[in-house]
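Hello,

Here is the structure I promised to pass on to you. Please have a look at it first, and then read my notes below.

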Amino acid sequence: MTVIEARGLRKAFGTTIALDGVDMRIDEGRIVGLIGPNGAGKSTALNAILGLTPYQGELRVLGRDPWAERDQLMCDVAFIADVAVLPRWIRVSRLLEYVAGVHPRFDRAKAESFLARTTIRLASRVRELSKGMVAQLHLALVMAVDARLLVLDEPTLGLDILYRKQFYDSLLNDYFDHKRTILVTTHQVEEIQNVLTDVMFINRGRIVFRCSMEEFEARYLEVMVHPDHAAAARALRPMHERQVFGRSILLFDLTTNHADRQQLSALGEVRTPSIADLFVASIGNPVGEASGASR
Amino acid sequence: MTTQPNAMPNSSIDTRQTTPAAIPPLQTMYWCIRRELWEYRSIYIAPLIVAAVTLFGFLIATIGRALSTSDLALRRAILEGPYSFAAALIMGTTFVVGIFYSLDALHGERRDRSILFWKSLPVSDLTTVLSKASIPLVVLPLLTFAIILAMQWIMVLLSSLALLGSGLSIATLWTKSFLQASLMLLYHLLTVHALWYAPIFAWLLLVSAWARRAAFLWAAIPVVAIGIIEKVAFNSSHFFGMLHYRLTGPQAYALGARGGDAMSPMATLAPGRFLMTPGLWIGLAVAALFLAAAVRLRRYQGPL
């Protein structure tokens, strides 16, 4: 079933157009990465989905209009908007008490068992915790909510690598059960590549690319070409080329039928590109827009 | 979307129906109010400190002055004196606390970005604003009542001990009907502090929902500006007169006679006249308008 469906979603701040006709459809049980440069409209899109901002166009989240029904929607949607939004004055125990008091789908015992695995003490105030611990606390809170959609907007910004890894590990192992849906934006794309089931690129307020990760792996190929074969490889019309330590790395879109997997593996070492590289290739470079990722 | 909810099943047709579907609105309200008391501890700490200081002062008066003077009439005067003053002190404190609370209530959550967390919970903007409005309009008056009552009981006990210890009769101390005085106090708090002052607190809440910074100035500037413009342009001061009436007026109606003592007997109580005052209902309507605007603002606003 469809969790999020948007058609022609638009939003302007004065003369700046943040969302310029976004169409998206996210089904249950997916982990979707929304990737885009700064100012592409990621946060605005998420805010619209969460009922934090009004919009034009059609948007349904779990069958509801988020702007009109934010409070009811939040029974079934959890979100971490930022790393540092938990009130700094509150005690951990009281935070649990409050959420248990107002949220019908919050399981306090579950949250406490998640917290027991961390060094966070229930008597601490949020301001006494490190940034990483606050992120752990927030994650424990949302994981204890039996939500159907979890939205994460840069949930690990400013955290060190250990916390970041732990964050996504907990999410996958303790939370995701193929019935829930997760929508995540982050600049640390590489770290979530293995976590995602789907990826969407957003640029200048539009969804410019979307595919599932299986599709992604079947479609895109990166070849590290020997200098001798460089000219031959370029003749196969790669969508992007970059230089690393004097060697050329060429990115191919196999659906364009200029080259196939076999041909390319003859030219050098072949591997699945990272989402980040495809992102740079398709958004950072005008050639990519023409030949590669398109709607 | 053109498809209706039947095309896209909503949560009620889900397999996870075992989980409780909703929290009763009153329970949400209860937790929201508790949350406010956790965040703004000055709501009860400030009046408690003032009460403690007052009691300390009274203790000095009892032990030091009353017991050291040999003039029995003066002793009696000292011991029976400061009840109304002490009550007024606590009321003044909670009024000021209410002002500062209201100015920060909807501003603080935007300033520290925690509004994003509060909005991630199934609590409506209406519930949030009403819970915050109920602090100055309900919680503070009741709290003031409880603290004043407790403080005066302690004062009476101290005085009684002092009078008994010096061999004087405590009869006059206890003839003052405390039940009557307490009811009077409660009536004053509910009519004046809760109902009559409602538009003041609602205005402050509205400003705190709207202002990006310096909520105090934004709350005061328009009020002063309107008054000045009126004075300069029309050489009249109806607006200031209205403000003055808002701050002092209801006494006359609530207590029957202007300048009535909050501790004076029930005889001067005039609830009928109070309820018939148009100013009361106009004020409540304005308060409702301000609060509705605050709810709407909170819905649109994110962190600063």
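A definition to start with: two strands pair if DSSP finds at least two bridges between them. Helices (H or I, at least four residues) and strands (E, at least two) are themselves DSSP runs, numbered from the N terminus.

Some housekeeping: residues are numbered from 1 along each chain as its sequence is written, while chains are lettered from A and ligands numbered from 1 in the order in which they are written. Please keep in mind that this is a predicted model, where local features need pLDDT of at least 70 and side-chain atom pairs count only at pLDDT 80 or more, though totals for chains, interfaces and linings use all residues.

Let's begin with the sheet in chain A. Its 3 strands form an open sheet in the order β2-β1-β4, with antiparallel pairing. At the edges are β2 (16-27) and β4 (56-61) of chain A, each pairing on one side only. Strand β1 (residues 2-13) of chain A is joined to β2(A) by 9 bridges in the antiparallel sense.

Next comes helix α5 (residues 131-143) of chain A. Among the buried ones are A:G132, A:L137 and A:M143. The cover over the buried residues of α5(A) includes β5 (77-80), α3 (92-102), α4 (108-116), β6 (149-153) and α6 (161-175) of chain A.

Now to chain B, which has 14 helices and 0 strands. Of its 304 residues, 35% count as buried. Two residues are in contact if their C-beta atoms, placed from the backbone, lie within 7 Å. Of the contacts in chain B with a separation of 6 or more, 79% are between residues 24 or more positions apart.

Finally, where do the chains meet? The contact takes 30 residues from chain B and 35 residues from chain A. On the side of chain B that touches chain A, α1 (25-39) and α5 (115-118) of chain B are the elements that give two or more residues. The largest share of that side, 6 residues, comes from α1(B).

Enjoy exploring!

Conventions: Buried ≥ 20, exposed ≤ 12 C-beta atoms within 10 Å, placed from the backbone.
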